[in-house]
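Let's take a walk through a protein structure together.

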Amino acid sequence: MRQHTPHLLTDPATDEVAGANRLASTGSLQSLQHAAWIAPAVLVGLGLAVGSSSLVVLALGLAAGASLAGSI
Amino acid sequence: MLLRPARTGPVGAETHIALAYLGGTLAGATTSALGLWLLAGFAEPLPAPGRWLLLALGTLLVAAIKIGPLAGRIRLPEARRQIPASVFGGSLARGAFRFGAELGTGMRTYAPTMAPYLLVLALLLSRPTLGAALCAGAGFGLGRALPVMVRLGAADRLQATLDYARGMRRLPDLATAVTVLLGALAIV
């Protein structure tokens with residue numbers, strides 16, 4: 001059975017641009033979100049490897065601060 | 001919202017507001033870190049096993065209250081309020097600084113995750129040097145300023161905010177807490 005194709009009510013060109021922008025924005029944001037989680041863990045490891053407690057606590061602070069992102 | 005819902009000009013147009021906010025979070029966070037560094041002096045006489053025990057007990061207590069059987073029965077210390085809009089009484093940049101400073105202290109609004117409490121335990125029990133304590137404060141301030149920095153470059157900031165909040169909810173609180181705990185165990 002042939003499926004009915006709905007009519008597009010919006011301008012496809014505009015939608016495409018908005019969609020691409022949203023995709024690019026979301027992609028970079030997801031990278032940042034992952035970085036907010038991964039970077040502290042990497043920094044903790046690096047700090048321990050080089051014996052720098054300052055680097056370790058900086059990473060701990062970063063993780064703790066980033067975890068509160070939604071709280072104002 | 002500190003920045004306009006949609007970016008209307010070049011990326012750098014509102015940078016001064018974001019930088020003021022970052023300056024505020026750094027100032028607030030380093031102030032709190034300085035206070036914790038002073039309080040950490042009380043842990044000085046404790047031997048290492050005693051500090052580890054306190055860290056372990058404190059972590060269990062925080063976990064039990066936040067996600068365990070004590071959730072809803074006992075509350076960890078937190079300011080159960082949002083930062084009032086009155087901090088924006090002057091210019092937007094000055095308001096952004098004050099807003100950031102209040103958030104940066106970590107004590108002027110809600111703290112729904114476990115990691116900040118574990119960070120406090122780590123700082124109190126690890127007897128950090130002044131420099132290390134300030135580094136922890138700088139890290140906290142940077143982490144606190146991250147959402148605004150993310151929004152700065154986004155074309156659709158409202159969507160970016162929603163995406164970021166959704167992503168941070170997916171970021172497991174438990175995993176962040178474990179990172180902080182492991183780091184704390186290494187330095188305490």
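First, some ground rules. This is a predicted model, in which local features need pLDDT of at least 70 and side-chain atom pairs count only at pLDDT 80 or more, while totals for chains, interfaces and linings use all residues. Residues are numbered from 1 along each chain as its sequence is written, and chains are lettered from A and ligands numbered from 1 in the order in which they are written.

Chain A has two helices and zero strands. Chain B has seven helices and, again, zero strands, giving the pattern α-α-α-α-α-α-α along its sequence. Here helices (H or I, at least four residues) and strands (E, at least two) are DSSP runs, numbered from the N terminus. In chain A, 33% of the 72 residues are buried; in chain B, 46% of the 188 residues are. A residue is called buried if 20 or more other C-beta atoms lie within 10 Å of its own, exposed if 12 or fewer do, and partly exposed in between, with C-beta atoms placed from the backbone.

Next come the contacts. Two residues are in contact if their C-beta atoms, placed from the backbone, lie within 7 Å. Taking the contacts in chain B between residues at least 6 apart in sequence, 82% join residues at least 24 apart.

Now look at helices side by side. Two packed helices are described by the angle between their axes and the distance between the axes. Axes are lines fitted to C-alpha atoms, for helices over the stretch in contact, and angles run from 0 to 180 degrees between N-to-C directions. Within chain B, find helix α1 (residues 15-39) and helix α5 (residues 130-153), whose axes come within 7 Å and cross at roughly 150°. α1(B) and α5(B) are therefore roughly antiparallel to each other. Angles under 35 degrees count as roughly parallel, over 145 as roughly antiparallel, 65 to 115 as roughly perpendicular and the rest as oblique. The contact of α1(B) with α5(B) involves 19 nonpolar, seven polar and one charged residues. In this sorting, Ala, Val, Leu, Ile, Met, Phe, Trp, Tyr, Cys and Pro count as nonpolar, Asp, Glu, Lys and Arg as charged, and the others, Gly among them, as polar.

Some packing joins the two chains. Helix α2 (residues 53-67) of chain A packs with helix α4 (residues 115-125) of chain B at an angle of about 150°, with the axes 8 Å apart. That makes α2(A) roughly antiparallel to α4(B). On the side of α2(A), the contact includes Leu60(A) and Ala64(A), while α4(B) brings Ala115(B), Pro116(B), Leu119(B) and Ala122(B). By class, the contact of α2(A) with α4(B) has seven nonpolar, two polar and no charged residues.

α2(A) also meets α7(B), where the axes come within 10 Å and cross at roughly 160°. That makes α2(A) roughly antiparallel to α7(B). The contact of α2(A) with α7(B) divides into ten nonpolar, five polar and one charged residues.

How much of α4(B) is buried? Eleven of its eleven residues are, and what covers them includes α2 of chain A together with α1, α2, α5 and α7 of chain B.

That leads us to the largest nonpolar core, which has 64 residues; Leu60(A), Tyr21(B), Leu118(B), Ala122(B), Ala136(B) and Val180(B) touch the most other members. α5(B) gives the most to this core, with 13 residues. A nonpolar core is a set of buried Ala, Val, Leu, Ile, Met, Phe, Trp, Tyr and Cys residues joined through C-beta atoms within 7 Å. Leaving out residues up to four places away in sequence, Leu118(B) touches Thr59(B), Val62(B), Ala177(B), Val180(B), Leu181(B) and Ala184(B).

Gly104(B) lies in helix α3 of chain B and counts as buried, with 30 C-beta neighbours inside 10 Å. Gly104(B) and Leu26(B) are 78 residues apart in sequence, yet 6.4 Å apart in space, C-alpha to C-alpha. Arg127(B) sits in the loop between α4 and α5 of chain B, and its phi is near 45°, a positive value in a residue other than glycine. With 18 other C-beta atoms within 10 Å, Arg127(B) is partly exposed.
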